[in-house]
Amino acid sequence: MSDALIRRGRIVDPSQNLDAPGDLLVRDGKIARLWPAGEAPNADGVLELDAAGLVVTPGFIDLHVHLREPGHEEKETIATGSQAAVAGGFTTICAMPNTEPATDSAAMVEYVGRVAAAGAARVLVVAAVSKGRQGKELAELGELAAAGAVGFSDDGNPVASNTLLRNALAYSRMLRLPIMDHCEDPELTKGGQMNEGPVATRLGLKGTPAAAEEVLVARDVALAELTGGWAHICHISTARAVAIVRDAKARGVRVTAEATPHHLVMTDELVMGRWPLFPGSAAAHLPYDTNTKVNPPLRSRVDVEALLAGLRDGTIDAIATDHAPHHVLDKECEYDFAAPGLSGLETALPALLLLVEQGKLSLAEVIRALTVGPARLLGRELGSLRPGGVADVTVFDPSLAWQVTPDALFSKGKNTPFLGETVKGKVVLTLREGRAVHGATRLTQPLALER
Ligand SMILES: [Zn+2]
């Protein structure tokens, strides 16, 4: 365990309403103390990082990550996904259960936890709602919770059956854990490749209407209200879905929501081919780039604006990446045949910093949705730099430019629509419980990388 003093960084910690230059001392895996910048005394035997020009935040928390192991280690493993997480500034990630086999038993929850324990990031396990994610029979939710599951999801698929969802929400109330639903109606999305609208028509691709999401969000709210259970809306993407959640929250319904960076920075127009998203990037993108294919699909400008408003007013509780790594063969094909999803852990920060640069979100709003927001949902003492708390710390350079290339990514999934672009914002040091799990550049003495 290393002790570290991070000097003169811009400390942004929304859990304490803090955004000021400061010094931060980490000792024995905990946050030991904070001072105004330059006021920390010299401490012997402590490694120092000169963080002038850098931003220091609580370690990011991602509620929605696909690690692919077991079953699809060619796309990602728990170890590579974990390393990608800390490279992106995430010290805690929630592993979704759509592996093969699915995480639908206590033994599987324990297995994922055991394999993940050797990794860089803290991995929490989301278990399946239904056995085998088949949507027919409820999994043993009580046993899964006792084994450590932090929530339940059939993600990849919605919980299509209303009765099954009702029963799951009744358990959710007793267990105080969320049912994390992928809200896309299976009938309305059948064959859909992208957002239904003028762009899909022009490209000749079958569209998925926004209503496919909204009918299930409305249903989830109705059943959460009926049962007193907790519905969590995964990767919310439409304006009306945000309005439904806002209204439900105002009525005291237990509903929470997450949005992804890609739904916040991109629209369906980008499927037509495009100019680079990041200013100064040279990369041009061809139409039908399969890396733009995600479920739910990239939406319209109006939807993006509504998501941003939802983050600003707290309707949306968290930003989650829905990191969905795929093998090159899953994407090197016709749009219709490409697997949906993008590799998101390592580009989340630059994407979100772009929104800050454009004045659409404040840095505090972004960091809140990456730290204290998801921490509250998990009910964990994480996402804060309060003295005495766990020293999960992310230090990033908001102006450091880097090119998104396959080699630059720790994830096995190179399937990002930002490939080739020069983005701005890079994590230079990630501490998990005081240990350097990524980076450690610019230290006055080398801090051993422990993996
Ligand atoms: Zn999903």
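Predicted model: local features only at pLDDT ≥ 70, side-chain atom pairs only at ≥ 80, totals over all residues.
The side chains of Lys424 and Glu357 come together in a salt bridge, with 3.0 Å from N to O. How accessible are they? Lys424 is partly exposed, at a relative accessible area of 34%. Glu357 is also partly exposed, and its value is 49%.

Now the layout of the protein. Domain 1 is made of two segments, 4–56 and 390–439, while domain 2 runs over 58–378. Taken over C-alpha atoms, the centres of domain 1 and domain 2 are 25 Å apart.

Next, the interface. On the domain 1 side 41 residues are in contact with domain 2, and on the domain 2 side the number is 54. Together the two domains bury about 3600 Å², and 59% of that is on carbon and sulfur atoms. How many salt bridges are there between domain 1 and domain 2? The count is three. As for polar contacts, 26 residue pairs are found across the interface. Which elements of domain 1 give two or more residues to the side that touches domain 2? They are β1 (4–13), β16 (393–403), β17 (422–432) and β18 (435–439). Strand β17 supplies the largest share, nine residues. By residue class, that side of domain 1 has 19 nonpolar, 12 polar and 10 charged residues.

Let me move to salt bridges in general. The whole structure has 17 of them. One is between Glu433 and Arg122, where the closest N and O atoms are 3.0 Å apart. Those two residues also belong to a network: Arg122, Asp392, Arg432 and Glu433 are joined by salt bridges that share partners.

Another salt bridge is formed by the side chains of Asp23 and Arg7, at 3.8 Å from N to O. Here Asp23 is in strand β2, residues 18–27, and Arg7 is in strand β1, so to speak a link between distant parts of the chain, 16 residues apart. Are these two buried or exposed? Both Asp23 and Arg7 are buried.

Then there is Glu225 with Arg251, whose side chains meet at 2.6 Å from N to O. Glu225 sits in helix α6, residues 210–227, and Arg251 sits in the loop between α7 (239–250) and β14 (255–259), so this pair ties together parts that are 26 residues apart in sequence. Glu225 is partly exposed, with 43% relative accessible area. Arg251 is partly exposed as well, with 44%.

Asp289 is in the loop between α8 (261–265) and α9 (301–312). Its relative accessibility is 18%, so Asp289 counts as buried, the cut-off being under 20%. Which residues does Asp289 touch, leaving aside those up to four places away in sequence? They are Tyr335 and Pro417.

The bond from Asn295 to Pro296 is cis, with omega near -10°. Pro296 is placed in the loop between α8 and α9, where Asp289 also lies. A cis peptide bond also joins Glu100 and Pro101, and there omega is about 0°. Pro101 is in the loop between β7 (90–95) and α2 (106–116).

Arg68 has phi near 70°. This residue lies in the loop between β6 (60–65) and α1 (78–87). With 11% relative accessibility, Arg68 counts as buried. Arg133 is not a glycine either, and has a positive phi of about 55°. Where is Arg133? Arg133 is in the loop between β8 (122–127) and α3 (141–146). Its relative accessible area is 17%, and Arg133 is therefore buried.

How values were computed: Residues numbered from 1 in each chain as written. Heavy atoms only, no water. Domains from an automatic or database assignment. Contact = heavy atoms within 4.5 Å. Buried area = accessible area lost by both parts, 1.4 Å probe. Salt bridge = Lys/Arg side-chain N within 4 Å of Asp/Glu carboxyl O. Polar contact = N/O pair within 3.5 Å; in protein donor to acceptor, adjacent residues only side chain to side chain. Helix = DSSP H or I, 4+ residues; strand = E, 2+ residues; numbered from the N terminus. Nonpolar A, V, L, I, M, F, W, Y, C, P; charged D, E, K, R; others polar. Buried < 20%, exposed > 50% of the residue type's maximum accessible area, 1.4 Å probe, protein only.
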